[in-house]
Amino acid sequence: MLPNAGIYYFPWEINGSVPEGEALRTFGRLCCYDLARSEAVLTAQHRAAQYRVCVDTSFVEPFQAQLGSLYMVLGEAEHREGEGPVVKARILTCVEGMNLPLLEQAVQEQRKYFHERQQRMGNGTS
């Protein structure tokens, strides 16, 4: 069975705003990987701040970790005691060379489309 498509969240949107168990997609540069703990950390720059996303890699191992490369992850949000949110990865793919500004623009356009569609459907049923 394939996982849900997952809602795109930017790395700077993940802290505390994603409900437990929700399927999500995000991205970042692989800055560290601990095989013994099955944990990777993705980072992303947004404006002047650096954001970190912890990823549980136990379902996608073994994988060829390329530190510094851009990765996209599809998984579920998990909240751990004493830590920030963790993405339990179902798919972790190296997407080095992808145009990040274009991806961000595409996600914004998709969100705008879904919002407008939801408004039209809400107005049509009134």
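The following conversation asks what lies behind the labels used for this predicted model.

Colleague: What should I know about the numbering and the model before we start?

Modeller: Residues are numbered from 1 along each chain as its sequence is written, and side-chain values use heavy atoms, with hydrogens and water left out. This is a predicted model, where local features need pLDDT of at least 70, side-chain atom pairs count only at pLDDT 80 or more, and totals for chains, interfaces and linings use all residues.

Colleague: How many aromatic pairs does a search of the whole structure find?

Modeller: The search finds six. Phe-10 and Phe-27 form one of these pairs, with 6.3 Å centre to centre and 80 degrees between the planes.

Colleague: What makes Phe-10 and Phe-27 an aromatic pair, and why is it called edge-to-face?

Modeller: Rings of Phe, Tyr and Trp (its six-membered ring) pair if their centres lie within 6.5 Å; planes under 30 degrees apart count as stacked, over 60 as edge-to-face and the rest as tilted. The centres here are 6.3 Å apart, so the rings pair. The planes are 80 degrees apart, so the pair is edge-to-face.

Colleague: Where in the chain do Phe-10 and Phe-27 lie?

Modeller: Phe-10 is in the loop between strand 1 (7-8) and strand 2 (23-34), and Phe-27 is in strand 2. They are 17 residues apart, and the pair links distant parts of the chain. Helices (H or I, at least four residues) and strands (E, at least two) are DSSP runs, numbered from the N terminus. Phe-10 and Phe-27 also belong to one aromatic cluster with Trp-12 and Tyr-51.

Colleague: Why is the pair of Phe-63 and Tyr-71 called edge-to-face?

Modeller: The angle between the planes is 75 degrees, over 60, so the label applies. The ring centres are 6.2 Å apart. Both Phe-63 and Tyr-71 are buried.

Colleague: What makes Ser-38 count as buried?

Modeller: Buried means under 20% relative accessible area, exposed over 50%, partly exposed in between (1.4 Å probe, protein chains only). Ser-38 has 14%, so it is buried.

Colleague: What is the phi of Ser-38?

Modeller: Phi is positive, about 55 degrees, although Ser-38 is not a glycine. Most residues other than glycine have a negative phi. Ser-38 lies in the loop between strand 2 and strand 3 (39-46).

Colleague: Is Arg-47 buried or exposed?

Modeller: Arg-47 is at 76% relative accessibility, over 50%, so it counts as exposed. Its phi is near 55 degrees, also a positive value in a residue other than glycine. Arg-47 lies in the loop between strand 3 and strand 4.

Colleague: Which residues does a cis peptide bond join?

Modeller: It joins Glu-61 and Pro-62, with omega about -5 degrees. Most peptide bonds are trans. Pro-62 lies in the loop between strand 4 (49-56) and strand 5 (70-79).

Colleague: How do you know that Arg-111 and Glu-13 form a salt bridge?

Modeller: A salt bridge is a side-chain nitrogen of Lys or Arg within 4 Å of a carboxyl oxygen of Asp or Glu. The closest N and O atoms of Arg-111 and Glu-13 are 2.6 Å apart, so the pair qualifies. Arg-111 is in helix 1 (residues 100-124), and Glu-13 is in the loop between strand 1 and strand 2, 98 residues apart. Arg-111 is partly exposed at 29%, and Glu-13 is partly exposed at 23%.

Colleague: What makes Arg-90 and Glu-76 a salt bridge?

Modeller: Their closest N and O atoms are 3.0 Å apart, within 4 Å, so they qualify. Arg-90 is in strand 6 and Glu-76 is in strand 5, 14 residues apart. Arg-90 is partly exposed at 41%, whereas Glu-76 is buried at 18%.

Colleague: What makes Glu-39 buried, and which residues is it in contact with?

Modeller: Glu-39 is at 14% relative accessibility, under 20%, so it counts as buried. Contact means heavy atoms within 4.5 Å. Leaving aside neighbours within four places in sequence, the contacts of Glu-39 include Cys-32, Val-55 and Arg-80. Glu-39 is found in strand 3.
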